[in-house]
Amino acid sequence: MVKYRDLSKSLASGMSPSMSPSKAPEPACEPTASASNSPLHKVFGKSGKVGKRQQLKRKLYSWIREQRLEGIPLNDMVVERKASEMKEEMKIKDLELGWLTTFKQEYNVKLVTSCEELEEQLITWITDQRSKGLLLSDKIVQDRALALKESLNAPSFNASAKWLLDYKRRYGLKLVVSCEELEEQLFSWITHQKSEGVTLKFTDIQKKVTELQKTLNSPPFDANQIWFSEFKKRYRVSLNFKVKELEDILHSWIVGRRLQGDVLTDQSVTNKMLDLIGNLKVSLPKPVPQWLKEFKKNYGIRLVASFVELEEQLYAWIIQQKSLGTSLNDAQVQAEALTLHQRLNTPAPFEATHEWLTDFYQRYSVTLAFDCKELKDRLHSWIVKQRLDGVPLSQKMVHDKAIQLNSDLKINSPSVDTPQWLSDFIIQYSIRMTVSCEELEEQLYSLIVKEKLKGNSLSDDDIYDKALDLNYFLNTPLLASDEWVADFKRRYGLVDSVEAESISSFSDSSFSDSKESDFSDVDEDNKADLI
């Protein structure tokens, strides 16, 4: 084998690769008439430099060596593809005809493909053909094997029947098709043809059977009427169409039209259905309007929307906008109605007039203005969101939010500002608010004052128990303890023992002056809070 380095030296010195230095010819003193056809002229060109085509061949030979050192198998197709890439990089217009054969002879390159590589490529081709639904026979596979032998320059290889039998055994292939397998493929073909709306006759079946026998190399048999009758019984197939098959074909047609962006109406679907009835010779068991209604229901098909569907979607849009706190007016609702009319392709003409809008409001009980129920729903949603975010809420925070919503939604209800409204809201939505320790101590102090006014004396343990009860009902973060009880009594000026005479003094002006404001709402408001 001629090495690249030896070839370069021999070409540069004017020797052929097979010559030794001692046998090098004497250079001619004057160029002969045939000097332009000499090997040196082809390699170096008129200017004495190596030509681009020869540079390409050298680079290609180096690349082949690198690929083989890495254990990568090569064939003619791969080498030609690489040469084409190099040609583009080196800006060479075209290579001479048959250049690859000359290149392999010149560089002593053999692109030999083993039988194993041929068989691997063959099984890949067979898999690809079957994935496309193509049927293969022994003859087709043998022809493909011989074609691969030529293209891959494989060694002596004959796609004989013995080789094919062994090949199918090793790869688990079944090419020879039995009568049962032929019938299965015939059944699949009939089903496909009917799904496309093709009407078949017995002569079509006979022609397909003959075609499958030749293609699949199956044992011959007579596809007569007796056989076909048995075939229809075994596979429960009929050449006549049924209503269910008509509906399946119609549904496939609707899906295809919608994928193309077409808008379908009841009339267009009815026209297509009538065409199918005429072509497939199917009779409907029900009147067309009733059948179409059941067909759309069974297949979940919605065609051109009616005015009822438009109004339902408009109503849902209004509810959504109001849930987001968006203030709407009649003009915005009319604009949305016209947008829905265009998008849903509802029957024309349609004008969102003021009279229609007023009637729509009445039928759907719609008011664009917000009411107290919507305020409470939005307030409850806000509370849920705050709690999901881990934000503790007190009654004051919730009340402030309610007042803000009352103003933002332009409800302007005066009752929202009252504590009673908040108490009703908390009870209605079963909400437990977080109460601060100061609010708890205020309510505890009010309870103690009530007990003292009744002449009942509370010990430290009683105060402690009352504090725990309030802590549970009011959901406060208070941790009651003996130290806290002592500090609480000190801060609120409570004595350890209460005597009869101290009760009267306790209810005198000094006490009423200091805590009169605390007793004003004790009776009713604290009952509601405790509940």
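Author: One term comes before the rest: helices are DSSP runs of H or I with at least four residues, numbered from the N terminus. Keep in mind that this is a predicted model.

Reader: Which helix gives the most residues to the negative patch?

Author: The negative surface patch is made of Asp 461, Asp 462, Asp 465, Asp 469, Asp 482 and Glu 483. The elements that give two or more residues to this patch are helix 23 (482–491) and helix 22 (460–474). With four residues, the top contributor is helix 22.

Reader: Is Asp 465 buried, partly exposed or exposed?

Author: Asp 465 lies in helix 22. Buried means under 20% relative accessible area, and exposed means over 50%. The relative accessible area of Asp 465 is 42%, so this residue is partly exposed.

Reader: What about His 399: buried or exposed?

Author: His 399 sits in helix 19, which spans residues 395–408. Leaving aside residues up to four places away in sequence, His 399 touches Val 416, Asp 417, Thr 418, Pro 419 and Leu 422. The cut-off for buried is under 20%. At a relative accessible area of 14%, His 399 is therefore buried.

Reader: How far apart are the C-alpha atoms of Cys 179 and Gln 213?

Author: Cys 179 belongs to helix 9 (residues 179–195). Its relative accessibility is 30%, so Cys 179 counts as partly exposed. Along the chain, Cys 179 and Gln 213 are 34 residues apart. Their C-alpha atoms are separated by 8.9 Å.

How values were computed: Residues are numbered from 1 along each chain as its sequence is written. This is a predicted model: local features need pLDDT of at least 70, side-chain atom pairs count only at pLDDT 80 or more; totals for chains, interfaces and linings use all residues. Side-chain values use heavy atoms; hydrogens and water are left out. Patches are made of residues with over 30% relative accessible area and no salt bridge: like charges are joined within 9 Å, nonpolar side chains (Val, Leu, Ile, Met, Phe, Trp, Tyr) within 5 Å. Accessible areas come from the Shrake-Rupley method with a 1.4 Å probe; for residues, only the protein chains shown count as cover. A salt bridge is a side-chain nitrogen of Lys or Arg within 4 Å of a carboxyl oxygen of Asp or Glu. Lys and Arg count as positive and Asp and Glu as negative; His and the chain ends are not counted. The place of a charge is taken as NZ of Lys, CZ of Arg, CG of Asp or CD of Glu. Buried means under 20% relative accessible area, exposed over 50%, partly exposed in between (1.4 Å probe, protein chains only). Contact means heavy atoms within 4.5 Å.
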